[in-house]
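Let's take a walk through this structure together.

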Amino acid sequence: MSKFGNTPGLAAAGALCVLLFSADAQANGCIIVRPSSALTLDLEDVHTPRQGRFELSMAYRYLYSDRHFRGREEESHRQAEGTDVRNEVHTIDYTLTYRHSDRWSFSAALPYVTANRSSLYEHDRVSRHAMEADGIGDLRLMAYRSLALGESERPRGVTLGFGVKLPTGKDDVTDIAYRPDGPEVRNVDQSIQPGDGGFGFFAEAQAYARVFDDHTFAFFTGSYLVNPRDTNGVSTHRRRETEAVMSVADSYQARAGFSRMLQSVEGLTVDAGLRIEGVPADDLVGDSNGFRRPGYAVYFEPGFNYRKGPHRFNLNVPIAIERNRVKSKADRLTGRHGDAAFADYLVMASYTFGW
(Lines give C-alpha, C1' and ligand atoms only; values in the text may rest on other atoms or scores of the structure.)
Protein backbone atom coordinates (compact mmCIF):
# COMPACT_ATOMS: atom_id res chain seq x y z
CA MET A 1 0.00 0.00 0.00
CA SER A 2 2.72 2.45 -0.75
CA LYS A 3 4.29 3.27 -4.05
CA PHE A 4 5.05 3.10 -7.67
CA GLY A 5 7.20 1.88 -10.54
CA ASN A 6 7.59 3.65 -13.88
CA THR A 7 5.88 3.61 -17.18
CA PRO A 8 5.44 -0.12 -17.24
CA GLY A 9 4.80 -0.53 -13.66
CA LEU A 10 3.28 2.55 -12.21
CA ALA A 11 1.15 0.23 -10.23
CA ALA A 12 -1.60 2.38 -8.93
CA ALA A 13 -3.35 2.94 -5.74
CA GLY A 14 -5.24 6.09 -5.67
CA ALA A 15 -8.00 8.34 -6.61
CA LEU A 16 -8.46 11.74 -7.99
CA CYS A 17 -7.16 14.28 -5.50
CA VAL A 18 -10.14 16.51 -6.08
CA LEU A 19 -12.53 13.75 -5.08
CA LEU A 20 -10.44 12.64 -2.17
CA PHE A 21 -10.15 15.89 -0.33
CA SER A 22 -13.54 17.45 -1.08
CA ALA A 23 -15.52 14.76 0.74
CA ASP A 24 -16.38 14.44 4.41
CA ALA A 25 -15.16 11.10 5.62
CA GLN A 26 -14.41 8.39 8.08
CA ALA A 27 -11.93 5.56 8.56
CA ASN A 28 -10.41 2.83 10.66
CA GLY A 29 -11.87 0.84 13.49
CA CYS A 30 -15.61 1.25 13.57
CA ILE A 31 -15.26 3.13 10.28
CA ILE A 32 -14.82 0.95 7.21
CA VAL A 33 -12.43 1.84 4.43
CA ARG A 34 -12.53 -0.77 1.69
CA PRO A 35 -9.03 -1.56 0.41
CA SER A 36 -7.86 -0.44 -3.01
CA SER A 37 -4.64 -1.27 -4.81
CA ALA A 38 -2.06 -3.39 -2.97
CA LEU A 39 0.69 -2.49 -5.45
CA THR A 40 3.82 -0.70 -4.30
CA LEU A 41 6.27 1.86 -5.61
CA ASP A 42 9.67 0.40 -6.45
CA LEU A 43 12.24 3.11 -7.08
CA GLU A 44 14.76 0.54 -8.33
CA ASP A 45 12.33 -0.25 -11.12
CA VAL A 46 11.73 3.22 -12.51
CA HIS A 47 13.65 2.57 -15.74
CA THR A 48 12.93 -1.16 -16.13
CA PRO A 49 10.26 -2.23 -18.63
CA ARG A 50 8.16 -5.07 -17.30
CA GLN A 51 5.75 -5.71 -20.15
CA GLY A 52 4.41 -9.23 -20.45
CA ARG A 53 5.15 -10.00 -16.80
CA PHE A 54 3.01 -11.13 -13.88
CA GLU A 55 3.17 -10.13 -10.22
CA LEU A 56 1.51 -11.86 -7.28
CA SER A 57 1.27 -9.91 -4.04
CA MET A 58 -0.03 -10.67 -0.58
CA ALA A 59 -0.74 -7.60 1.54
CA TYR A 60 -1.52 -7.89 5.26
CA ARG A 61 -3.29 -5.16 7.25
CA TYR A 62 -3.89 -5.12 11.01
CA LEU A 63 -5.81 -2.72 13.21
CA TYR A 64 -7.04 -2.63 16.78
CA SER A 65 -9.40 0.18 17.74
CA ASP A 66 -10.76 1.14 21.15
CA ARG A 67 -10.47 4.94 21.42
CA HIS A 68 -13.81 6.68 20.89
CA PHE A 69 -14.30 10.03 19.17
CA ARG A 70 -17.36 12.20 18.62
CA GLY A 71 -16.27 14.78 16.12
CA ARG A 72 -12.62 15.43 16.99
CA GLU A 73 -13.26 15.13 20.73
CA GLU A 74 -12.06 11.94 22.37
CA GLU A 75 -14.37 10.28 24.89
CA SER A 76 -11.62 8.92 27.11
CA HIS A 77 -14.12 8.03 29.83
CA ARG A 78 -15.27 5.10 27.68
CA GLN A 79 -12.02 3.23 28.30
CA ALA A 80 -11.96 4.21 31.97
CA GLU A 81 -15.51 2.87 32.43
CA GLY A 82 -14.87 -0.23 30.34
CA THR A 83 -17.71 0.67 27.95
CA ASP A 84 -15.43 1.07 24.93
CA VAL A 85 -15.99 -1.03 21.81
CA ARG A 86 -12.93 -3.00 20.68
CA ASN A 87 -12.39 -4.06 17.09
CA GLU A 88 -9.51 -6.26 15.97
CA VAL A 89 -9.33 -6.79 12.21
CA HIS A 90 -6.86 -8.82 10.15
CA THR A 91 -7.05 -8.53 6.35
CA ILE A 92 -4.96 -10.34 3.74
CA ASP A 93 -5.28 -8.99 0.22
CA TYR A 94 -4.28 -11.31 -2.66
CA THR A 95 -3.54 -9.44 -5.90
CA LEU A 96 -2.55 -10.78 -9.32
CA THR A 97 -1.23 -8.17 -11.75
CA TYR A 98 -0.42 -8.53 -15.45
CA ARG A 99 1.88 -5.93 -17.04
CA HIS A 100 0.56 -5.96 -20.58
CA SER A 101 2.87 -3.19 -21.79
CA ASP A 102 4.83 -0.18 -20.61
CA ARG A 103 1.53 1.69 -20.53
CA TRP A 104 -1.14 -0.80 -19.49
CA SER A 105 -1.51 -3.20 -16.58
CA PHE A 106 -4.44 -5.15 -15.17
CA SER A 107 -5.09 -6.59 -11.73
CA ALA A 108 -7.55 -8.72 -9.77
CA ALA A 109 -7.58 -8.49 -5.98
CA LEU A 110 -9.50 -10.49 -3.38
CA PRO A 111 -9.27 -9.81 0.37
CA TYR A 112 -9.81 -12.27 3.20
CA VAL A 113 -11.01 -10.78 6.47
CA THR A 114 -10.90 -12.12 10.03
CA ALA A 115 -12.41 -9.77 12.61
CA ASN A 116 -13.45 -9.70 16.26
CA ARG A 117 -15.60 -7.08 17.99
CA SER A 118 -16.29 -6.94 21.72
CA SER A 119 -18.66 -4.60 23.54
CA LEU A 120 -21.24 -4.29 26.28
CA TYR A 121 -23.98 -2.37 24.47
CA GLU A 122 -24.55 -4.99 21.75
CA HIS A 123 -25.14 -7.60 24.46
CA ASP A 124 -26.62 -7.23 27.96
CA ARG A 125 -24.77 -3.97 28.82
CA VAL A 126 -23.34 -5.70 31.89
CA SER A 127 -20.71 -8.17 30.65
CA ARG A 128 -18.34 -7.85 27.71
CA HIS A 129 -18.88 -10.38 24.92
CA ALA A 130 -17.35 -10.75 21.47
CA MET A 131 -18.80 -11.38 18.02
CA GLU A 132 -16.69 -12.58 15.11
CA ALA A 133 -16.74 -12.63 11.31
CA ASP A 134 -14.44 -14.05 8.68
CA GLY A 135 -14.55 -14.74 4.97
CA ILE A 136 -13.61 -13.38 1.59
CA GLY A 137 -14.27 -9.72 0.90
CA ASP A 138 -15.32 -7.93 -2.28
CA LEU A 139 -13.41 -8.72 -5.48
CA ARG A 140 -11.74 -5.79 -7.27
CA LEU A 141 -10.89 -5.75 -10.99
CA MET A 142 -8.67 -2.86 -12.13
CA ALA A 143 -7.06 -1.48 -15.29
CA TYR A 144 -4.16 1.01 -15.15
CA ARG A 145 -2.77 3.44 -17.70
CA SER A 146 0.73 4.84 -17.05
CA LEU A 147 2.14 8.06 -18.47
CA ALA A 148 5.82 8.97 -18.29
CA LEU A 149 6.12 12.75 -18.10
CA GLY A 150 9.81 13.31 -17.58
CA GLU A 151 13.15 12.82 -19.27
CA SER A 152 15.52 10.10 -18.06
CA GLU A 153 17.64 12.36 -15.82
CA ARG A 154 14.60 13.53 -13.83
CA PRO A 155 11.83 10.96 -14.31
CA ARG A 156 8.29 11.65 -13.27
CA GLY A 157 5.03 10.05 -14.17
CA VAL A 158 1.35 9.50 -13.48
CA THR A 159 -0.77 6.37 -13.41
CA LEU A 160 -4.56 6.41 -13.56
CA GLY A 161 -6.62 3.38 -12.61
CA PHE A 162 -10.28 2.51 -13.01
CA GLY A 163 -12.15 -0.60 -12.04
CA VAL A 164 -15.08 -2.29 -10.38
CA LYS A 165 -15.82 -3.84 -7.01
CA LEU A 166 -18.03 -6.94 -7.07
CA PRO A 167 -20.08 -7.86 -3.97
CA THR A 168 -18.46 -11.28 -3.43
CA GLY A 169 -18.08 -10.79 0.35
CA LYS A 170 -20.92 -11.55 2.75
CA ASP A 171 -22.61 -8.50 4.22
CA ASP A 172 -24.89 -10.43 6.62
CA VAL A 173 -22.55 -12.58 8.74
CA THR A 174 -24.20 -13.51 12.05
CA ASP A 175 -22.99 -14.51 15.49
CA ILE A 176 -24.45 -14.88 18.97
CA ALA A 177 -25.35 -11.75 20.92
CA TYR A 178 -25.85 -12.31 24.65
CA ARG A 179 -28.95 -10.20 25.19
CA PRO A 180 -30.73 -9.63 28.54
CA ASP A 181 -33.30 -12.30 27.56
CA GLY A 182 -30.64 -14.80 26.56
CA PRO A 183 -28.46 -15.68 23.54
CA GLU A 184 -29.73 -14.45 20.18
CA VAL A 185 -28.34 -14.84 16.67
CA ARG A 186 -27.80 -11.39 15.15
CA ASN A 187 -25.95 -9.75 12.29
CA VAL A 188 -22.50 -8.66 13.41
CA ASP A 189 -21.70 -4.97 13.29
CA GLN A 190 -21.14 -3.32 9.92
CA SER A 191 -17.50 -2.59 10.82
CA ILE A 192 -16.50 -6.28 10.75
CA GLN A 193 -18.65 -7.51 7.86
CA PRO A 194 -16.35 -8.86 5.07
CA GLY A 195 -18.43 -7.20 2.31
CA ASP A 196 -20.83 -4.28 1.94
CA GLY A 197 -23.35 -5.73 -0.52
CA GLY A 198 -22.73 -3.09 -3.18
CA PHE A 199 -21.46 -3.06 -6.75
CA GLY A 200 -18.91 -0.25 -6.81
CA PHE A 201 -16.44 1.63 -8.97
CA PHE A 202 -12.84 2.53 -8.12
CA ALA A 203 -10.91 5.55 -9.37
CA GLU A 204 -7.21 5.59 -8.55
CA ALA A 205 -4.33 7.94 -9.23
CA GLN A 206 -0.62 7.82 -8.60
CA ALA A 207 2.14 10.32 -9.29
CA TYR A 208 5.86 10.45 -8.63
CA ALA A 209 8.77 12.73 -9.42
CA ARG A 210 12.48 12.67 -8.69
CA VAL A 211 13.43 15.60 -6.44
CA PHE A 212 16.54 17.00 -4.74
CA ASP A 213 18.94 14.33 -6.05
CA ASP A 214 19.10 11.03 -7.97
CA HIS A 215 17.93 8.98 -4.99
CA THR A 216 14.88 10.86 -3.68
CA PHE A 217 11.31 10.81 -5.00
CA ALA A 218 8.14 12.65 -4.04
CA PHE A 219 4.96 10.63 -4.46
CA PHE A 220 1.19 10.68 -4.17
CA THR A 221 -1.30 7.82 -4.26
CA GLY A 222 -5.05 7.98 -3.76
CA SER A 223 -8.24 6.03 -4.36
CA TYR A 224 -11.96 6.66 -4.19
CA LEU A 225 -14.63 3.95 -4.08
CA VAL A 226 -18.02 4.95 -5.48
CA ASN A 227 -20.83 2.79 -4.07
CA PRO A 228 -24.09 3.80 -5.83
CA ARG A 229 -26.30 1.41 -3.82
CA ASP A 230 -28.18 3.15 -1.01
CA THR A 231 -28.68 0.42 1.62
CA ASN A 232 -28.14 -3.35 1.53
CA GLY A 233 -31.23 -4.37 3.53
CA VAL A 234 -29.21 -5.99 6.33
CA SER A 235 -30.62 -5.25 9.79
CA THR A 236 -28.45 -3.33 12.25
CA HIS A 237 -30.80 -4.25 15.15
CA ARG A 238 -30.95 -0.56 16.04
CA ARG A 239 -34.15 1.02 17.32
CA ARG A 240 -34.08 4.20 15.25
CA GLU A 241 -35.86 3.81 11.93
CA THR A 242 -33.23 5.93 10.16
CA GLU A 243 -30.54 3.44 11.24
CA ALA A 244 -32.47 0.17 10.93
CA VAL A 245 -30.47 -1.15 7.94
CA MET A 246 -26.86 -0.84 6.84
CA SER A 247 -25.81 1.89 4.45
CA VAL A 248 -23.53 1.06 1.49
CA ALA A 249 -20.96 3.82 1.79
CA ASP A 250 -18.25 5.33 -0.40
CA SER A 251 -14.73 5.36 1.00
CA TYR A 252 -11.38 6.92 0.15
CA GLN A 253 -7.71 6.92 1.05
CA ALA A 254 -4.67 8.90 -0.03
CA ARG A 255 -0.98 9.14 0.81
CA ALA A 256 1.74 11.67 -0.05
CA GLY A 257 5.37 11.91 0.97
CA PHE A 258 8.97 11.17 0.03
CA SER A 259 10.96 8.00 -0.69
CA ARG A 260 14.72 7.65 -0.72
CA MET A 261 16.90 4.85 -2.02
CA LEU A 262 19.67 3.97 0.43
CA GLN A 263 23.01 3.57 -1.31
CA SER A 264 24.42 1.66 1.67
CA VAL A 265 21.94 -1.24 1.20
CA GLU A 266 21.15 -2.27 -2.37
CA GLY A 267 17.43 -2.56 -3.05
CA LEU A 268 16.30 -0.77 0.13
CA THR A 269 14.21 2.40 0.15
CA VAL A 270 12.75 4.25 3.12
CA ASP A 271 9.82 6.59 3.00
CA ALA A 272 7.66 8.85 5.11
CA GLY A 273 4.46 10.71 4.46
CA LEU A 274 0.92 11.49 5.52
CA ARG A 275 -2.05 9.17 4.97
CA ILE A 276 -5.76 9.95 5.17
CA GLU A 277 -8.52 7.33 5.14
CA GLY A 278 -12.19 8.03 5.39
CA VAL A 279 -15.85 7.40 4.73
CA PRO A 280 -17.97 10.37 3.55
CA ALA A 281 -21.24 11.28 5.19
CA ASP A 282 -22.81 11.65 1.72
CA ASP A 283 -21.94 9.53 -1.31
CA LEU A 284 -20.97 10.99 -4.67
CA VAL A 285 -23.62 8.89 -6.46
CA GLY A 286 -26.94 7.75 -5.04
CA ASP A 287 -28.48 8.34 -1.64
CA SER A 288 -26.85 7.85 1.77
CA ASN A 289 -29.64 6.48 3.95
CA GLY A 290 -29.33 3.82 6.62
CA PHE A 291 -26.64 3.41 9.25
CA ARG A 292 -23.03 4.35 8.62
CA ARG A 293 -20.20 5.81 10.69
CA PRO A 294 -18.65 8.56 8.58
CA GLY A 295 -15.39 10.28 9.45
CA TYR A 296 -11.67 10.14 8.77
CA ALA A 297 -8.28 9.49 10.29
CA VAL A 298 -4.99 11.18 9.39
CA TYR A 299 -1.72 9.33 9.97
CA PHE A 300 1.99 9.98 9.90
CA GLU A 301 3.30 6.98 7.96
CA PRO A 302 6.90 5.74 7.93
CA GLY A 303 7.82 2.66 5.92
CA PHE A 304 10.38 0.80 3.90
CA ASN A 305 10.52 -1.23 0.70
CA TYR A 306 13.16 -3.89 -0.02
CA ARG A 307 13.72 -5.57 -3.37
CA LYS A 308 15.94 -8.55 -4.14
CA GLY A 309 15.61 -10.16 -7.56
CA PRO A 310 11.95 -10.98 -8.23
CA HIS A 311 11.03 -10.50 -4.56
CA ARG A 312 9.77 -7.30 -2.98
CA PHE A 313 8.92 -6.67 0.68
CA ASN A 314 7.12 -3.67 2.12
CA LEU A 315 6.27 -2.58 5.67
CA ASN A 316 4.38 0.56 6.72
CA VAL A 317 3.15 1.55 10.19
CA PRO A 318 0.80 4.57 10.01
CA ILE A 319 0.43 6.36 13.37
CA ALA A 320 -2.76 8.35 13.96
CA ILE A 321 -2.40 12.11 14.46
CA GLU A 322 -6.03 13.18 13.93
CA ARG A 323 -9.38 11.39 14.13
CA ASN A 324 -12.83 12.82 13.41
CA ARG A 325 -16.22 11.10 13.52
CA VAL A 326 -18.45 13.41 11.49
CA LYS A 327 -22.24 13.44 11.46
CA SER A 328 -24.01 10.97 9.17
CA LYS A 329 -27.22 11.70 7.29
CA ALA A 330 -29.13 9.77 9.98
CA ASP A 331 -27.41 11.90 12.66
CA ARG A 332 -28.49 15.09 10.92
CA LEU A 333 -32.09 13.88 10.64
CA THR A 334 -32.30 13.06 14.35
CA GLY A 335 -30.22 15.95 15.68
CA ARG A 336 -27.66 13.66 17.29
CA HIS A 337 -23.96 12.96 16.73
CA GLY A 338 -22.81 9.34 16.89
CA ASP A 339 -19.36 8.25 17.95
CA ALA A 340 -16.83 5.76 16.59
CA ALA A 341 -13.74 3.94 17.80
CA PHE A 342 -10.46 4.54 15.97
CA ALA A 343 -7.09 2.80 15.90
CA ASP A 344 -3.90 4.37 17.26
CA TYR A 345 -1.89 2.77 14.48
CA LEU A 346 -2.09 0.34 11.58
CA VAL A 347 0.35 -2.34 10.47
CA MET A 348 0.60 -2.98 6.71
CA ALA A 349 3.05 -5.47 5.24
CA SER A 350 3.24 -6.95 1.76
CA TYR A 351 5.24 -9.42 -0.27
CA THR A 352 5.33 -9.37 -4.08
CA PHE A 353 6.83 -11.92 -6.46
CA GLY A 354 7.28 -11.15 -10.16
CA TRP A 355 7.95 -13.41 -13.11
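Two strands count as paired if DSSP finds at least two bridges between them. Strands themselves are DSSP runs (E, at least two residues), numbered from the N terminus. What you see is a predicted model, in which local features need pLDDT of at least 70 and side-chain atom pairs count only at pLDDT 80 or more, while totals for chains, interfaces and linings use all residues. Residues are numbered from 1 along each chain as its sequence is written, and side-chain values use heavy atoms, with hydrogens and water left out.

Let's start with strand β7, which covers residues 156-166. Strand β6 (residues 139-148) pairs with β7 in the antiparallel sense, over 10 bridges, and here A148 sits opposite G157 of β7. β7 is also joined to β10 by 10 bridges, again antiparallel; on that side G163 has F202 in β10 as its bridge partner.

Now for the faces of β7. In a regular strand the side chains alternate between the two faces of the sheet. The covered face of β7 holds G157, T159, G161, G163 and K165, whereas R156, V158, L160, F162, V164 and L166 make up the uncovered one.

On to the charges. Side chains of opposite charge can pair when their charged atoms come close. For a salt bridge, a side-chain nitrogen of Lys or Arg must be within 4 Å of a carboxyl oxygen of Asp or Glu. Searching the whole structure turns up 32 of them.

One of these links R293 and D189, with the closest N and O atoms 2.9 Å apart. R293 is in the loop between β15 (268-279) and β16 (295-308), and D189 is in the loop between β9 (182-187) and β10 (200-210), so this pair ties together parts 104 residues apart in sequence. Both residues, R293 and D189, are buried, a word used for under 20% relative accessible area, with exposed meaning over 50% and partly exposed anything in between (1.4 Å probe, protein chains only). Salt bridges with shared partners also join R61, R255, D271, R275, E277 and E301 into one network.

R117 and E122 form another salt bridge (3.0 Å, N to O), and both of them are buried. How does the pair of R86 and D84 sit, buried or partly exposed? R86 is partly exposed at 28% relative accessibility, but D84 is buried at 2%. Their closest N and O atoms are 2.9 Å apart.

Technical notes
Helix = DSSP H or I, 4+ residues; strand = E, 2+ residues; numbered from the N terminus.
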